[in-house]
Amino acid sequence: MQQDASEKYFNELATTSRECFLPYIDKFIKIAPGMRVLEAGCGVGGNLLPFAEAGCWTVGVDIAEWKIGEAERLFSKYGAKGSFIASDFFSLNDLEGNFDLIICHDVIEHIADKESFLGEMKKYLKAGGAVFMAFPAWQMPFGGHQQMCSSKILSRLPFIHLLPAGLYRKLLERGGETPSKISALMEIKETKCPVETFESVAAKAGMRIADRTLWLVNPHYKVKFGLMPVKLPGFLSAVPVLRDFLSTSCFYILGNDA
């Protein structure tokens with residue numbers, strides 16, 4: 001049966017989550033039936049499907065109502081149990097202290113006030129709970145999400161997001177991008193998340209880094225492009241700034257105790 005775009009993306013996310021996210025997280029916090037899992041910025045819900053299949057109690061939150069609608073539709077289609085909430089992440093007061101694990105995949109690079117965002121996460125964790133955070137390092141070839149561009153040329157140009165803001169905007173305009181697309185890309189340039197920024201913000205928010213794994217080849221590229229995941233060698237992971245240019249995805253496990 002032919003899949004629509006949302007279902008295709010849902011299944012791509014579910015495959016990466018099943019093959020990579022869940023096994024990685026399981027090394028630090030055991031995934032077991034009854035475990036309570038919250039995803040911040042869940043989109044169409046694909047990341048949560050393997051956790052629901054494992055018997056976890058899953059809740060997804062996203063500010064976009066249409067994405068929540070798709071998540072509910074697709075979970076129902078695949079016979080999975082999960083709850084989805086269309087809300088700002090800062091407005092979930094009735095869920096405080098409820099979760100063993102919070103997932104946040106490719107979201108924090110879009111958040112301006114990262115310290116408040118991470119501090120808010122702590123409220124929703126049980127004692128001893130953990131956060132799984134994944135994001136692209138800002139300076140990596142497509143850290144500006146320029147693959148979103150409608151222009152086939154711009155969408156394939158690495159590092160253009162590192163141009164000065166005025167020049168970058170002019171390039172996007174000349175490339176025929178819409179004002180809304182340009183606004184979104186310029187916003188990402190403002191809210192960027194290098195490794196050093198993230199680790200500094202996590203410390204200020206009182207989150208302990210239990211693990212950091214940087215990827216030269218993002219695990220999600222396996223399902224998208226047929227490329228096998230490759231970790232960034234340890235000696236390169238230890239070099240500030242250089243690692244930002246080489247890390248296509250950054251995985252962290254954060255504890256809620258400083």
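1. Buried means under 20% relative accessible area, exposed means over 50%, and partly exposed lies in between (1.4 Å probe, protein chains only). The model is predicted: local features need pLDDT of at least 70, side-chain atom pairs count only at pLDDT 80 or more, and totals for chains, interfaces and linings use all residues. Residues are numbered from 1 along each chain as its sequence is written, and side-chain values use heavy atoms, with hydrogens and water left out.

2. Asp 106 deserves a look. Its phi is positive, about 55°, although Asp 106 is not a glycine. The residue sits in the loop between β4 and α4; helices (H or I, at least four residues) and strands (E, at least two) are DSSP runs, numbered from the N terminus. Asp 106 counts as partly exposed because its relative accessibility is 31%.

3. Val 241 also has a positive phi, about 70°, and is not a glycine. Its place is the loop between α9 (234-237) and α10 (242-246). At 43% relative accessibility, Val 241 is partly exposed.

4. The largest nonpolar core has 34 residues, and Leu 118, Met 121, Met 133 and Phe 198 touch the most other members. Elements giving two or more residues to this core include β4 (99-105), α4 (114-124), β5 (125-135) and α7 (195-204). A nonpolar core is a set of buried Ala, Val, Leu, Ile, Met, Phe, Trp, Tyr and Cys residues joined through side-chain atoms within 4.5 Å. A second, separate core holds 33 residues, among them Phe 10, Cys 20, Leu 48 and Cys 56.

5. What does Met 133 contact, leaving aside its neighbours within four places in sequence? Its partners are Cys 104, Ile 108, Leu 118, Met 121, Phe 198, Cys 250, Phe 251 and Tyr 252. Contact means heavy atoms within 4.5 Å.

6. Aromatic pairs number 19. Rings of Phe, Tyr and Trp (its six-membered ring) pair if their centres lie within 6.5 Å; planes under 30 degrees apart count as stacked, over 60 as edge-to-face, and the rest as tilted. Phe 21 and Phe 132 are tilted, because their planes meet at 50°, with centres 5.1 Å apart. The pair links distant parts of the chain: Phe 21 is in helix α1 (residues 5-26) and Phe 132 in strand β5, 111 residues apart. Phe 21 is buried at 3% relative accessibility, and Phe 132 is buried at 0%.

7. Tyr 24 and Phe 28 pair edge-to-face, 5.5 Å centre to centre with 65° between the planes. Tyr 24 is buried at 5%, whereas Phe 28 is partly exposed at 37%. Ring pairs link Phe 21, Tyr 24, Phe 28, Phe 132, Trp 215 and Phe 251 into a cluster.

8. Pro 194 lies in the loop between α6 (179-191) and α7. Pro 194 is buried, with a relative accessible area of 11%. Not counting residues up to four places away in sequence, Pro 194 touches Trp 138, Gln 139 and Asp 244.
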